[in-house]
Amino acid sequence: MTGQLSDKIKNNNFKELLKKPEVLTFAGLILLSLFMSIFTDTFLTGRNLVNVARQISINGIIAVGMTFVILTAGIDLSVGSVMAFSGTMLAAGMADWGLHPVLAIFFALLVGGLFGLINGTLISYANMPPIIVTLAMMEVPRGLALLYTGGYPLSGLPSSFSVLGRGYVFGFLPVPVLIMAVVYLIAYILLTQLPFGRYIYAIGGNEEAVRLSGIKVKKYKIFAYVISGLTAATSGIVITSRLMSGQPMAGTGFELDAIAAVVLGGTDIAGGRGSIIGTIIGAFTLGVLTNGLNLLGVSPYVQRVFKGLIILLAIYFSSKKKK
Amino acid sequence: MDNILEIKNVTKEFPGVLALDNVSFNIRRGEVHVLIGENGAGKSTLMKILSGVYQANSGKVLLNGDEIDFSNPKEAQLAGISIIYQEFSLIPYLNAVENIFLGREYKKNGVLDKKRMTEEAKDLLDTFEVEIDLEKSVNQLSVAEQQFIEIAKAVSINDNVLILDEPTATLTNQETEILFNLIRNLKEKGVTMIFISHHLEEAFEIGDRLTCLRDGKWVGTENISDLSEKKIIKMMVGRDIGDTFPDREGKYQKEIMIEVNDLKRNEKEEFINFKVRKGEILGVAGLVGSGRTEMARALIGADKVLSKEIYINGKKVEINSPSDALDNGIGLIPENRKSQGLILGLSVKDNISINSLDKILKSNLFINKKEEKKRSQKLVEDLNIKTPSLKQTVKNLSGGNQQKVVLAKWLGTDSNVLIFDEPTRGIDVGAKLEIYKLMNELVDMGISIIMISSELPEVLAISDRIMIMHKNKINAVLDNNEDVDQETIMYYATGGEQYDRAT
């Protein structure tokens, strides 16, 4: 096994490796971390790094579903709202209807998956453009969440439920980070080991050719949106547990962070190319940037400008390479 | 003799490929110079260097005696070298005038001078002796008309050297004739043309001299009047290729493999009924637009139909989507491999295995990658696909090899009925012969083939029976025997009636 691996590394010369967009982002992430380690005392401490990982877990999980969708040459703008609605339904399940937390979690996932199913069905079967469908679906779940809660946070959750957002395993690993790791592992297996993953890439590359090859393109595209709904709901579960309340206005603007992570990670916004490893690197890059700038005492307003510029820079390099 | 272009020791290297190797030859002023060579011979690369898309690694090109060094196609165009690609660069929603003057519109007092542009465009097209509706947006015009507009645009900018990259590939015979008239016309006006083609007879009809490239090297430049078809083929493949078509014995079996009944796409059409036997090649001939591709797409469920009954081995099957077709062992190798057959950004292996992944699962869930590699490798070897590795992106393969990848994909599915739509369009003689041989092997294995083709020699050489379509209906089905020739097929393809034929 190790022999095979070292052969592989030898064959893949350095140039070949540099061609992968996620490698470039990874190099950027290392540089950024180095910079922060030198210019702040606190960045390179175990405690802070764990913090960064926990902070990115919400966005990191949403970005997984976004990766699937973008790989099919689609987009999902509804994730922030779906996350909020799943979160409030979870809170409502426990606080208002007295559901067992496990059941309530399944219910929240069901809600997220259902919105994904609606998005995917409209896009696949009604041939509506993804950007419009999911733009409209930014409104529906958000509205439903506000309608149910009257605009107020929904609290009164059983204290045991806080473990998902606030707990630690082995004393140091935050549960949200563990959940994120599991989600990434599943996504990695789906994308690289299953026919489904291959179809996702292929559909983004040339949907018509895949359809004429006899692959059920519509079905798999719907799956991609369902996965996006499920990961949004998963984030909703984590954030509800962390805040110990259902927040109808949670996740506003999160769709943009998720897209940023995916694109920073080298996934082609036009579909067909990219990787889930890239997405986690992208999410970490955004996280380190925010964390480092906070430690440096940079104002949050300036941070937004920085974040935008970094994303532009990353896209600039990846579009240049495509040529 | 006066040379307008001198190509001197041009070499171009891509990572891992020497696309052009020390190529030298001259283009004379005012000639039609045919450039020929198999796919991957380096024709396109050379043309892209001439037109400023690529830059050579070494060597030089002289235009009117001056060395050229274009960094983009626009510079080349202004200097007098224009290229007309197979895929046009017209803006679909603009009309002919707007397209011709795109980017260099005439203005009067700051606003567009439409009158002047329309008049000039009209004059230009008049000298071409073609009539085109200047008001229509170009996407409503025929392929040929669009091509003429593209040529008009190039000529109106500058008319030194015009490169035509397989201009006839998508044209009907009549349209090709009009194009040739246009070429003769332009030649009289002193335009030099480089004409890339796979059709040897076109070289004889239109060309003055011919240059052949093979594997990136210059093979020869000759006067066409000194050449024969055999000689050119020998230049292209570097050996005597013998026959252009393999022998066909026609030993199909009696049993019917597939029966199509009452296929009808809409109310205006008549029912389509036909059968294909086990191990038979049914050639489908007809003019462009006669409904052959539409019939095939309807058959496999890619497009909606009003009615359709399909029997495989005598058993009725429901085919409402290409995926149903795959499940029932029917595959379509589509007409346009780039837009319909391949996922250009994925590897050779991923393209080949895309619709047979279900067959090689581990624990009913995971792709068995070892098996996938093995199967793909075997198909690459069986079909003699020239690729540096299984990981190569199919975008980087030549046309013939791309076509073989599409074929390999379907062979990997163990389908019983394969529909080939224009299987040899745009590929070179060598690859064509390989594909014919492969079709022969397939029918020997009992597979049934439906071959849609616009090349009549191909239809006549390969088919056991020939079905001729005209205006979305089957006009005749003939046993392919000595009595059937190109004239017979054309007779039915243009709407000739059965009982008239004796007279």
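A salt bridge is counted here where a side-chain nitrogen of Lys or Arg lies within 4 Å of a carboxyl oxygen of Asp or Glu, and by that rule the structure holds 29 salt bridges over all chains. The model is a predicted one, and across the interface of chain A and chain B the rule finds 3 salt bridges. The points below take up the interface, the bridges that cross it, and two bridges within chain B.

**The interface of chain A and chain B**

- The contact draws on 21 residues of chain A and 30 residues of chain B, and the area buried between the two chains is about 2100 Å², with carbon and sulfur atoms giving 57% of it.
- On the chain A side, the residues that lose the most area to chain B are A:Arg198, A:Leu212 and A:Ser213, which together account for 33% of what that side buries.
- Helices α9 (175–193) and α10 (195–212) of chain A each supply at least two residues of the side that touches chain B, and the largest share, 12 residues, comes from α10(A).
- Sorted by class, the side of chain A that touches chain B has 10 nonpolar, 7 polar and 4 charged residues.

**Salt bridges between the chains**

- The side chains of B:Asp350 and A:Arg198 meet in a salt bridge with an N to O distance of 3.3 Å; B:Asp350 lies in helix α12 (residues 348–353) of chain B and A:Arg198 in helix α10 of chain A, so the pair joins two chains.
- Both partners count as buried, B:Asp350 at 13% relative accessibility and A:Arg198 at 8%.
- A:Arg198 and B:Asp350 are also linked with B:Lys349 and B:Glu372 in a network of salt bridges.
- A further salt bridge is formed by the side chains of A:Glu208 and B:Arg297, at 3.4 Å from N to O.

**Salt bridges within chain B**

- B:Glu335 and B:Arg425 meet through their side chains in a salt bridge of 3.7 Å, N to O; B:Glu335 lies in the loop between β18 (330–333) and α11 (337–341) and B:Arg425 in the loop between β21 (417–421) and α15 (429–444), so the pair ties together parts that are 90 residues apart in sequence.
- Both of these residues are partly exposed, B:Glu335 with a relative accessible area of 31% and B:Arg425 at 24% relative accessibility.
- B:Glu255 forms a salt bridge with B:Lys278, the closest N and O atoms being 3.6 Å apart, and this pair links distant parts of the chain, 23 residues apart.
- B:Glu255 counts as partly exposed, at 41% relative accessibility.

Technical notes
Residues are numbered from 1 along each chain as its sequence is written. Chains are lettered from A and ligands numbered from 1 in the order in which they are written. This is a predicted model: local features need pLDDT of at least 70, side-chain atom pairs count only at pLDDT 80 or more; totals for chains, interfaces and linings use all residues. Side-chain values use heavy atoms; hydrogens and water are left out. Contact means heavy atoms within 4.5 Å. Buried area is the accessible area (1.4 Å probe) that two parts lose on being put together, summed over both. Helices (H or I, at least four residues) and strands (E, at least two) are DSSP runs, numbered from the N terminus. Ala, Val, Leu, Ile, Met, Phe, Trp, Tyr, Cys and Pro count as nonpolar, Asp, Glu, Lys and Arg as charged, and the others, Gly among them, as polar. Buried means under 20% relative accessible area, exposed over 50%, partly exposed in between (1.4 Å probe, protein chains only).
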